[in-house]
Amino acid sequence: MKRGHEDVGHAAGPATWRKREGPKMKYCLKVLIPDVFASFLLRDKGSLKDELQQESESRLVFSNKGDFFPDTQLRVLGVYSDVSDGVTRALDLILGKMREHCAEDESVRRQPPPGCEMVGKEEGELILRLVLSREMTGLLIGSQGANIKELRRDSGCKINIRDDAVAAHRLTTLMGSPEQLQMALQKLAENMKTEAETESEEFQHYQRVINFGEEGAGWGYGKGGPGPGHGGSAKGGGYPPHSNFGPNVSGGLGFLGQDLDSMPPGTAELPYSISCALPAQLVPALIGRSGDFIRSIEERTGAKVDIAREGVEGYRKMECIGPLVCIYAAHSLMMHRLQEVENSPGPGAPQQKGAGKDSKKQWSSVFTNK
């Protein structure tokens, strides 16, 4: 039987495969859930979902059926509310339903797809995954990891944060008993409220993005892999004047401007994302002491620059996020810095036999394929 409410995250209505955004509500946290659990929550024509929403004074929004958070087989469940404790209450109810679902369905415990486990190895242990904004992640970790160490100790919950970010989202995994998870979720909700009160553009972007696939948020994380794309509507926009970017960038903006002029009004100011791979051995020199160079790029361009802590096959992912002109400028400045580092002998730029021209070509091909 076709269930349109399951496809688009509504309680009823036909499936509409289109770009979806989260509702305009003050508070938001996102959970990642296996498709089988999404179907459980949406069963009986969405009556269970409606019950959870009414009881918690929140709204639950599911990513499209088949639209998964990148590198996972997990759907996004956005929990929204205008009530200060609405998100927490909804998460507590979802946690209870997860426990109920795991008890009812034997296959959930014995045969889950890889990365979709909801039950841990220890007796009574559940696994809950969330995606946090960069600010929420920073609040969770704290100075030199003090906050996350304290939360692990006080709650008894196992907490793991994936190093790389996807469109400014960090995957965070919690493992523990329902009581331990509730304690950890309470702290995450407090961090979320702290950021929500700022009404920052980054948090507004976090609230909007539900679908990450080809038909979703448009951030370029569909079947073709990471690459440029755009999000939903944004407030204001605005970015530094071209002169702030320096001579290495400003000249090229004239060519980009010809394309921007043909775009609908306001489109260029929406948040975009572009990612590429950097030679891992050069990253320390690119970042600068204590991240000084990255911060200077962000201040000059207005874009956000993230570099993954872990690499794959000798490369680390860099992602620039912001309006089109900003990410173009940030990317160009980083590439100019990369050329300087590659051409400078010394400990900051180790030279490998056979590197140089060939390594640049390999890097370029990695970026182009994105």
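Here are a few friendly notes on the pocket and the aromatic contacts of this predicted model.

1. Let's start with the open space. The largest pocket has a volume of about 610 Å³. Its lining is made up of 23 residues, and those nearest the centre are Arg134, Val305, Asp306, Ile307 and Arg309.

2. Which elements give two or more residues to that lining? They are helix 6 (134–141), helix 12 (292–301), strand 8 (304–307) and strand 9 (315–322). Helix 6 gives the most, with 4 residues.

3. Turning to the rings, the whole structure holds 3 aromatic pairs. One of them joins Phe69 and Phe212 edge-to-face, at 5.0 Å centre to centre and with 75° between the planes. This pair links distant parts of the chain, 143 residues apart: Phe69 is in the loop between strand 2 (59–62) and strand 3 (74–81), and Phe212 is in the loop between helix 9 (201–208) and helix 10 (247–260). Both Phe69 and Phe212 are buried.

4. Phe203 and Tyr206 form a stacked pair, 5.9 Å centre to centre with 25° between the planes. Both residues belong to helix 9, where they are 3 residues apart, about one turn of the helix. Phe203 has 1% relative accessibility, so it counts as buried; Tyr206 is also buried, because its relative accessibility is 1%.

5. Finally, have a look at the charges over rings. The charged end of Lys30 sits over the ring of Tyr206, 4.3 Å from its centre. Arg337 lies over the face of Phe293, 5.0 Å from the ring centre.

Methods. Residues are numbered from 1 along each chain as its sequence is written. This is a predicted model: local features need pLDDT of at least 70, side-chain atom pairs count only at pLDDT 80 or more; totals for chains, interfaces and linings use all residues. Side-chain values use heavy atoms; hydrogens and water are left out. On a 1 Å grid over the protein atoms alone, a cavity is a set of points where a 1.4 Å probe fits but cannot get out, and a pocket is an open set with protein on both sides within 12 Å along at least five of seven lines; lining residues have an atom within 4 Å of a point. Grid points are joined across faces, edges and corners, and a volume is the space filled by probe spheres set on the points. Rings of Phe, Tyr and Trp (its six-membered ring) pair if their centres lie within 6.5 Å; planes under 30 degrees apart count as stacked, over 60 as edge-to-face and the rest as tilted. Buried means under 20% relative accessible area, exposed over 50%, partly exposed in between (1.4 Å probe, protein chains only). A charge sits over a ring if NZ of Lys or CZ of Arg is within 6 Å of the ring centre and within 35 degrees of the ring normal.
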